[in-house]
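Here is a short briefing to read alongside the picture.

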Amino acid sequence: MTDQISSQFSDILDARLVVVTGKGGTGRTTVAAALALASAARGQRTIVCEVAGQARVPALFDRAPARSGAEEQLDERLWTTTIDANVALEEWLGRQVPRRLVHLLARSGAFSAFAGAAPGVRELVTITKAWELGEARRWRSDARRYDTVILDAPASGHGLGLLRTPKTFADIARIGPIAAQARAVEEGLADPARSAVVAVTLPGELPVSETLELDGWLRERVGRGLDAIVVNGVWPQRLSKDEAARVVAAAGASLPHAAGRAAASSAGRVTTQRRQLGRLRSAATAPVRQLPFVFTPRLSLPDVSALAQHLSRS
Ligand SMILES: Nc1ncnc2c1ncn2[C@@H]1O[C@H](COP(=O)(O)OP(=O)(O)O)[C@@H](O)[C@H]1O
Ligand SMILES: [Mg+2]
């Protein structure tokens, strides 16, 4: 059973688009980066995409954020980008209308006006752009496709909108280039062989309930459930001496006293976490993988690489 679950988990990296969703602060960006490292390590040309002006992945590699919309190489088979709806829309339309017109529209601010006009346009352009990164024929003729696109989606509510919006637009537009493009993305998102949806959560009562709800919502609205659930920040059964020392240091209080308090509170926390993990595992249909809490003030690249190994270990 365990083996079957592990192999199912690694299957998500066979998908061309992996959407990482979940509540803010659960570790979406960290898990997206870890999945991207695991994918690149498997020999796949991989890009990890952030949205909404976020650029935390380059920082992990001690790089300055790239220009919005630019694809920046971080490692041998690893790239990063921040999807900018205006830039993406300009590229997309660049395929449909003459170049001169595109420049004119871009200069006049028409793209941002259009992207801001109808609800869902920004989401449509964002998910379409993520899909396009894996397309053999890219919008820009000098661009090469990626084998694996990892999308660090916005926090749950918006992330779901992102998955839902191609269908909405395809239904509204019905015919023409927008409908055709939206339909292609909709089909890709509904196909578990080509796309995967991963939820990141924490081992607490509320986050576990929300993750189970998310799975139901996806089935109802997008026609597919979650492909994997990552429970992040799981405390070890017992703290090692080193970890205990770091907890004590973090508490910053007098040693014997703080050590006792930390041990007591960690024991209670571990029990609660195990209970919630058990609840999730018995209710979820998707494979559940847990990631340890890393006792450090700030996650470094080696920390994220270690998390990547947890995810790809079978
Ligand atoms: N397993 C972990 N152990 C320790 N810290 C973590 C872990 N995962 C994430 N973090 C830290 O928690 C914070 C939130 O993580 P992040 O990936 O940015 O979450 P999100 O993208 O969901 O908002 C960051 O400071 C990150 O370094
Ligand atoms: Mg994030």
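Helices (H or I, at least four residues) and strands (E, at least two) are DSSP runs, numbered from the N terminus. With that in hand, the protein chain has 13 helices and eight strands. This is a predicted model, where local features need pLDDT of at least 70 and side-chain atom pairs count only at pLDDT 80 or more, while totals for chains, interfaces and linings use all residues. Residues are numbered from 1 along each chain as its sequence is written, chains are lettered from A and ligands numbered from 1 in the order in which they are written, and side-chain values use heavy atoms, leaving out hydrogens and water.

**Around ligand 1**
- An oxygen atom of ligand 1 lies 2.2 Å from an N or O atom in the side chain of arginine 56.
- A nitrogen atom of ligand 1 is 2.8 Å from an N or O atom in the side chain of asparagine 232, and a nitrogen atom of the ligand is 2.8 Å from a polar backbone atom of valine 294.
- On its own, ligand 1 exposes 560 Å², of which the protein buries 75% (Shrake-Rupley method, 1.4 Å probe).

**A look at threonine 29**
- Threonine 29 is found in helix α2.
- Is threonine 29 buried or exposed? Threonine 29 is buried because its relative accessible area is 12%, and buried means under 20%, exposed over 50%, partly exposed in between (1.4 Å probe, protein chains only).
- Setting aside neighbours within four places in sequence, threonine 29 is in contact (heavy atoms within 4.5 Å) with Glu50, Arg56, Val57 and Asp152.
- The side chains of threonine 29 and aspartate 152 make a polar contact (2.6 Å); such a contact is a pair of N or O atoms within 3.5 Å, and within protein one must be able to donate a hydrogen and the other to accept it, with residues adjacent in sequence counting only if both atoms are side-chain atoms.

**The chain as a whole**
- Of the 314 residues in the protein chain, 46% are buried.
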